[in-house]
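Hi,

Here is the structure I promised to pass on. Have a look first, and my notes follow below.

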Amino acid sequence: MTAVTIGKFDGFHRGHRILLEELASVSLDAARTAKSPAEVTGEKKGIPTCVCKIDFPGPGILSQEEQRQVLDQYGIYRMRRLAFTEQFASQTPEEFVRRVLIGELGTTHVVVGADFCFGYNHSGSVETLRSLGEKYGFSVTAIEKLVLDGEVVSSTRIRKLLSEGQIEEAERLLGNEISYRGLVCHGRELGRTIGFPTINLCPDPDKLLPLFGVYQSEVTTPMGQFRGITNIGKKPTVEKDAAPTIETFLFDFSGDLYDMEVTVRLVHFLRPERRFESVEALQEQMRRDIETATK
């Protein structure tokens, strides 16, 4: 007896969270009508819930840790990840229902978006799911897409905003801060030599990076919170063919954060990354970036 929602859930944005709210609500409603106390389980005395997430290749809008944190907010403690492989894509709608929803999850109710498609060549629709539900003993709730400013909230829309450095708007649609978390690692320490010591994070390869450039940022560290500017990119002035890094200069900070965990929240895009003709030109631009950010 499990309530399940199915989707790509790239980012668990505000539209996705309507599905999560419905899933939690269905879980509690089912518990109230359970035939025996043995059927009532879970932290909130609802039936078990599960997010069935289809994983596509490439980095996601949220890291896996951030995805888990979102689900925790709704009291959902199980996520079944399904890799979108050739074998997975070749399943018929009924094979998916029989193998995953019934065979693995014991599904009694499914929550999906109104445009939900599944199975080989997207041959299954919400109506297909309802028909199979009658055969296999589960019910279906379909939720309309969330529309903001006349446009559907989607992962594609958020990815585009991030690729343009539109952090504030991406945050609004996502319902989450745009931030990067990790251990401070040793870099080449070039920042120290030009008067701007920075902390370096190695990006999570499973999390999408925004437009390369300089951002106003807020950084949470074990030694407190600080404002700063963050460069995301490959530092073309001082390195060649380097891997992307997240490098932050903290205002009003002195100390050592190596091997400590920090969170860098991006607040506002300042300028694109570019190559400067000299280190001196880079220094002057950093002074202007700091002045702009502090204003």
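Predicted model: local features only at pLDDT ≥ 70, side-chain atom pairs only at ≥ 80, totals over all residues.

Which residue in S4 does threonine 2 stand opposite? Threonine 2 stands opposite threonine 107. Residues are numbered from 1 along each chain as its sequence is written, and side-chain values use heavy atoms, with hydrogens and water left out.

**The sheet**

Strands count as paired if DSSP finds at least two bridges between them. Helices (H or I, at least four residues) and strands (E, at least two) are DSSP runs, numbered from the N terminus. Five strands make up an open sheet with parallel pairing, in the order S3-S2-S1-S4-S5. S3 (79–83) and S5 (139–143) are at the edges with a single partner strand each, so one side of each has no neighbour in the sheet.

Two helices pack on this sheet, if you take contact as heavy atoms within 4.5 Å. H2 (residues 64–73) touches S2 (49–55) and S3, and its direction makes about 140° with that of S3. H5 (residues 126–136) touches S4 and S5, at about 160° to the direction of S5. For these angles, axes are lines fitted to C-alpha atoms, for helices over the stretch in contact, and values run from 0 to 180 degrees between N-to-C directions.

**The rings**

There are nine aromatic pairs in the structure; rings of Phe, Tyr and Trp (its six-membered ring) pair if their centres lie within 6.5 Å, with planes under 30 degrees apart stacked, over 60 edge-to-face and the rest tilted. Phenylalanine 56 and phenylalanine 84 have ring centres 4.5 Å apart and planes at 20°, so they are stacked. They sit 28 residues apart, in the loop between S2 and H2 and the loop between S3 and helix H3 (86–89), respectively. Phenylalanine 116 and phenylalanine 118 are stacked too, at 5.2 Å centre to centre and 20° between the planes.

Buried or partly exposed? Phenylalanine 56 is partly exposed at 38% relative accessible area, whereas phenylalanine 116 and phenylalanine 118 are both buried (buried is under 20%, exposed over 50%, partly exposed in between; 1.4 Å probe, protein chains only).

Cheers
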